[in-house]
Amino acid sequence: MKLYSTNNHDLNVDFPTAVFNSMPLDKGLYMPVNIPVLDQAFIQQIDQYTLPQIAFKVASALLDQAIPAADLQKIIDEAFNFDAPVVPLEAETYVLELFHGPSLAFKDFGARFMSRIMAYFLKDGEQLLDVLVATSGDTGGAVALGFLGVPNTRVTILYPKGKVSEIQELQLCTNGQNIHAIEVDGTFDDCQHLVKQAFADEELNRKLRLTSANSINISRLIPQTLYYFNAYAQLRRAGKKEVIFSVPSGNFGNIAAGLLAYKMGLPVKQFIAATNVNDTVPRYLKTGVYETRPSIQTYANAMDVGAPSNWVRIMDLFNQDKVVLQEVLKSYSYTDEETLKGIHSIYDQFGYIACPHTAIAWLALEDYKKENPQENAAGVFLSTAHACKFPDVFSEEMSSKIQIPAQVQELTAKLKHAEKMDTVYESFKNYLTTFY
């Protein structure tokens, strides 16, 4: 597998280089030189395959022999040992539940695959690998559990002070071993900027072997394509052949993976990017002006991103052609008030308890249906996190019906520790070079 930078298509690196370097020095993002189109026989018979079988087929095509088949199968079997069910709510409305992994968030797919890929390529005696990750909520917990105890790695997680839920913070700060958490007095964008500055710092990169566990890393993006294929397989079993995906979108890695699956031949009729008031992309698709803004804190905190990193990948997939992209992608944004109403509407209509991110995806799907009443396709909105992570947004009645998973109950008994830090890059650089 060969990859180029979105800022330099003449740059070519192999898969391990892209995984460990995470981001090219030109500050672009890595993308596959060749995007394979899966054979139609596989797509037409996809309902006959299990999630691990689908994952192997898709990953094999993308990685193009970068990992021997037997080793790749082992990685997949270890990484994806939980379900991702498509649950029907009504005739043409489904929810794709992606929170059944250990951290109770969709990012388990990317983090577990990535950690095993990195462990696979790490050689005995090599320089320690420093994994940096900025999180607005769920990424950090998934990465922490994915890398916990992985030999020859150290993980540093940056999260914005007061802007993640209590359970999310516990998932970041109670691991110990090779996992370290930093509470940044700022926003997610500040955390992300610190990580990007570290990767662009040549002096620091001469001292440390840095890589990222954010969705800017190509090994996070690849496994996220898999649940789109698997969801389509489940819909085929239910007699559905056309699908619309509504995706909660913050840093836009989730929907970038869906669009990559589309480019590989997955027959998706429409993608919908659902955002909170951090509406950089909806504004761009409406006005043609791409203008980032400081992020605003909302109930859907994992989507509090004012400058979505993965948008450059999406534009690259469509050769910077906004007109062509708009045929495939629509986008809607929602306030906190609308989000709460959405949570209650889903509960009142279906008895289903949705986290704020999931509710936003449902709202966007409903608005799309109203604008396209003749649309005849299964509408699937992605549920990206377990409702128990957001107790403050639910009524007493709803809260009483949320089943608290055992791993969450165990968290409350653990000691929490996080380093406190400002948003000045030198503070972060000094921490990385002297703390360990």
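Phe-80, Phe-82, Phe-109, Phe-113, Tyr-227, Tyr-228, Phe-245, Tyr-262 and Phe-271 are tied into a cluster by ring pairs. Here, rings of Phe, Tyr and Trp (its six-membered ring) pair if their centres lie within 6.5 Å, and the pair is called stacked with planes under 30 degrees apart, edge-to-face over 60, and tilted for the rest. The model is a predicted one, so to speak of local features takes pLDDT of at least 70 and side-chain atom pairs count only at pLDDT 80 or more, while totals for chains, interfaces and linings use all residues. Residues are numbered from 1 along each chain as its sequence is written, and side-chain values use heavy atoms, with hydrogens and water left out.

Searching the whole structure turns up 16 aromatic pairs. One of them joins Tyr-262 and Phe-271 edge-to-face, with 6.3 Å centre to centre and 85° between the planes. Phe-271 is buried, at a relative accessible area of 0%, whereas Tyr-262 is partly exposed at 28%; buried means under 20% relative accessible area, exposed over 50%, and partly exposed in between (1.4 Å probe, protein chains only). Tyr-284 and Tyr-290 also make an edge-to-face pair, at 5.8 Å centre to centre and 80° between the planes. Of these two, Tyr-284 is buried, with 9% relative accessible area, and Tyr-290 is partly exposed, with 33%.

Tyr-284 turns up again with a charge: the charged end of Lys-322 sits over the Tyr-284 ring, 5.9 Å from its centre. That label calls for NZ of Lys or CZ of Arg within 6 Å of the ring centre and within 35 degrees of the ring normal. Likewise, Arg-209 has its charged end over the ring of Phe-20, 4.5 Å from the ring's centre.
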